[in-house]
Amino acid sequence: WTRIFPNGDELEPNEAGLKYYDDLFDELLKYHIQPLITISHYEMPVHLIEEYGSWTNRKMIQFFENYCQTIFKRYKNKVKYWLTFNEINNMRRNADYVAGVIFKGNETKEERQNMIYQAAHHMFVASAKANKLCHEIIPDAKIGCMLSLSNIYPYNCNPVAVFETMDIRRQSLFYSDVMIRGYYPAYIERTWHENHVSIKIEDGDLELLKNYPSEFLAFSYYKTTAHEAGKPSFFDTGGEVSTPNPFLKTSDWGWQIDPLGFRYTLNELYDRYQVPLFPV
C-alpha cells in the first residue's frame, strides 16, 4: 500500500511503486509462477493512522477502495489471485499491527473492544467492496480472505474446557464467518453484549457483505495448542499462552508439532464453509 500510495489519501498513485510490481510480476510470470497477492499485509501508510485513526475511521474504506481500483486496473492481465487483508482475525489481540489501531493506554477494556470491532466492520465493508471491484475489473480473477487459523483443542473432556475452547475458536472464525458467509453470526451478539460493544453499521453495509463475500479461504497454520478449563489461552500463530499438549513433540523453538492438526483444521474449515481452501 505504501509503495503505491505513500500517504494513503492521495488522488494519484506513485508510478515508481506501480512499476516495481510490474517488474516483479513480469519476472514471476516469465517462470510460469502465478502471483497470489495480499492487498494489505500489515503495512498500511502511517499517515492514515496519524491523521485519521486508521480503520476506526470510516473514511478508510474509500482510501482502500481507491487503492484496490488502481491495482486491479494496473495488474488485471498479470494477477488473477487476490487476498484482501492478511490474518485479519489477529485483530482480536494485535489490532495495532493488523489494522493500525493504536490505543492511548487510558481506554477501558470495553472501549478497546468497541474500537476493534468497529475497525473490523470497516475492514469487512472494504473487503466486500474490493471483491465487487475485482470481479468487475478482472472477471476471471479469484479473490478471498486470509486468516491465521492454527487450531486449539480442549486439554481434556471436562465440558467446561470443551465449551471454552469452542468459544475461543469462535473469536477467530467470527472473521471468516462474516467474510465468507456474508453476515454477522448470532453468537457475536452475545459477545458484544458481554463486552458492552455497540458498533455503527450504516445503511447498505449488510447488503454489501451478503452480496460480495470472499470466494475462498486462505489461511496460515503453524501448530496447535490446548486449552485447560478456566485458564487463559491465546493462540493462532506463535508466542501465545496455552497448556502444552502431552501427546505432541515440541520443536527446538518451543512450538508443538502437529501434522494431523493440519488435516483436522482443513476438515473443520471445509465442513464450515464449503469453499476452496488455500494454505498460504
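User: How many bridges join strand β5 to β7?

Analyst: This is a predicted model. Strand β5 covers residues 217-220 and runs parallel to β7. The number of bridges joining β5 to β7 is three.

User: Which strands stand at the edges of the sheet, each with a single partner strand?

Analyst: The sheet is open and has five strands, paired in parallel in the order β1-β2-β3-β5-β7. One side of each edge strand is left without a neighbour in the sheet, because each has a single partner. From one strand to the next, the twist averages 30°. The edge strands are β1 (36-40) and β7 (277-279).

User: At about what angle does helix α3 run to β1?

Analyst: Helix α3 comprises residues 59-75 and lies across β1, β2 (81-85) and β3 (142-148). Helix α5 (residues 109-137) also packs on the sheet, where it touches β2 and β3, and its direction makes about 160° with that of β2. For α3 and β1, the angle is about 155°.

User: Which element gives the largest share of the largest nonpolar core?

Analyst: The largest nonpolar core has 68 residues, and those touching the most other members are Trp55, Phe64, Phe72, Trp82, Met91 and Phe124. Leaving aside neighbours within four places in sequence, the contacts of phenylalanine 64 include Trp1, Ile39, Trp55, Phe85 and Ala130. The largest share of the core is 13 residues, and these come from α5.

Methods: Residues numbered from 1 in each chain as written. Predicted model: local features only at pLDDT ≥ 70, side-chain atom pairs only at ≥ 80, totals over all residues. Heavy atoms only, no water. Pairing = 2+ DSSP bridges. Helix = DSSP H or I, 4+ residues; strand = E, 2+ residues; numbered from the N terminus. Axes fitted to C-alpha atoms, helices over the stretch in contact; angles between N-to-C directions. Contact = heavy atoms within 4.5 Å. Core = buried A, V, L, I, M, F, W, Y, C linked by side-chain atoms within 4.5 Å. Buried < 20%, exposed > 50% of the residue type's maximum accessible area, 1.4 Å probe, protein only.
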